[in-house]
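Load the model in a viewer and keep the selection panel open. The stops below can be taken in order.

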Amino acid sequence: MITVLCGGVGAARFLRALRGLPDPGPVTGVVNTGDDTVLHGLSISPDIDTITYTLAGAIDPERGWGLVDETWTAMASLARYAAVRPEGSTAAPTWFNLGDRDLATHFYRTARLAEGGSLTEVTAEIARAWDLPERLVPMSDDRVATMVDLLDGRTVTFQEYFVQLRHSVPVRGVRFEGSAAATLQPAAAAAISDASVVVVAPSNPIVSIGPMRTLSGMDELLAARRSSVVAVSPIVGGAALKGPADRMMLELGHEASVVGVARLYRDIAGTLVVDPVDAHLVGDVEAAGMRCVVQPSIMSDPVVGAALARAVLDAAG
Ligand code: FO1
């Protein structure tokens, strides 16, 4: 069994790449829920949905989130109410775009959670509805909310930072509210212990992989099997492939490079896979304490993706 620790887009593409191997065997994605939010009273799990839609072949390829060929009638209709909401009301938010078909996923998740279903159960049901062969497990059934402390003194939720502020404001800290009391989902813990290989997907080390690492026992589970944990660097040539990982790393005192990634992961993963543009940093990654494998990691087409997946599995021995 292969277990992949997942954020959003990069992880979704890596999981899809595993399908390019002749016989990958059972695959489990343990997915970040620190990005989850409630808007319009709806429970939204962006990373779970990005992975589900990508593996279903239904993701919008340009945006990397939401459904392809989406329509936006509900969002457009909200503008009428946004115009009349009283001062201080957060009703009818229009900054976070929920497509008409995407809304069905949030309706279902919200209704099932309200009935007492766990996020783990509901995630599996949604994955089944989209005919996914992979198993997706949220990192926890408990609420963990990534909060971003901005340099200007404000604290905002992750989605306010990422979408409303377009992640273009400097950050001075990141916190994971609720994580001290949250339990690592037992199915996720078992998937990590029982896997032949654990992959840390090319996801943001701070806000995608970071939240799951704050759950009690997570780092210990990974450290105990460190030699067969392989991380794929989300930083290529000093820049994030998508999103604010590079800037966030710098702002929070880390080097925005594969060496900075190695310093964050060296206690939990034995090997770091880096793109050929970073081949000159192999010695520095190894000096930071990780074995380093060079392999094209920008999953622009299925052939590159499958070769990356193969190299990652080979790196785990
Ligand atoms: N990202 C955006 O940049 N703008 C949006 O309006 C937006 C809406 C959205 C709706 C549902 C969903 O599952 C994801 C959505 N995302 C949107 C993506 C999401 O904010 C980020 O990709 C992740 O949270 C970061 O991994």
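Which strand order does the open sheet of 3 strands have? The order is E7-E6-E8, and the pairing is antiparallel. Before selecting anything, note that this is a predicted model, in which local features need pLDDT of at least 70, side-chain atom pairs count only at pLDDT 80 or more, and totals for chains, interfaces and linings use all residues. Residues are numbered from 1 along each chain as its sequence is written, and side-chain values use heavy atoms, with hydrogens and water left out.

**The sheet**

Select 155-157 and 171-177, which are the edge strands E7 and E8; each pairs on one side only. From one strand to the next the twist averages 25 degrees, where axes are lines fitted to C-alpha atoms and angles run from 0 to 180 degrees between N-to-C directions. Helices (H or I, at least four residues) and strands (E, at least two) are DSSP runs, numbered from the N terminus. Two strands pair if DSSP finds at least two bridges between them.

In general, strands of a sheet pair through backbone hydrogen bonds, either parallel or antiparallel.

**The largest pocket**

Next, select Val9, Gly64, Trp65, Phe162 and Lys242, the closest to the centre of the largest pocket among the 44 residues that line it. A pocket is an open set of points on a 1 Å grid over the protein atoms alone, where a 1.4 Å probe fits, with protein on both sides within 12 Å along at least five of seven lines; lining residues have an atom within 4 Å of a point. The space in this pocket is about 980 Å³, the volume being that filled by probe spheres set on the points.

Colour helices H1 (9-18), H2 (46-55), H4 (100-114) and H6 (158-164), the elements that give two or more residues to the lining. H2 supplies the largest share, 5 residues.

**Threonine 120**

Move to helix H5 (residues 119-129), where threonine 120 is found. Is this residue buried or exposed? Threonine 120 has a relative accessible area of 16%, so it is buried (buried is under 20%, exposed over 50%, partly exposed in between, with a 1.4 Å probe and protein chains only). Its side chain makes a polar contact with the side chain of glutamine 185 at 2.8 Å; such a contact is a pair of N or O atoms within 3.5 Å, one able to donate a hydrogen and the other to accept it. Beyond neighbours within four places in sequence, threonine 120 is in contact (heavy atoms within 4.5 Å) with Pro138, Asp141 and Gln185.

**Two loop residues with positive phi**

Most residues other than glycine have a negative phi. Select aspartate 131, whose phi is near 60 degrees, in the loop between H5 and strand E5 (135-138). Aspartate 131 is exposed, at 67% relative accessible area. Then select arginine 166, with a positive phi of about 50 degrees, in the loop between H6 and E8. Arginine 166 counts as exposed because its relative accessibility is 64%.

**Proline 93**

End at proline 93, in the loop between helix H3 (73-82) and H4. Its relative accessibility is 8%, so proline 93 counts as buried. Not counting residues up to four places away in sequence, proline 93 touches Leu39, His40, Met75, Leu78 and Arg85.
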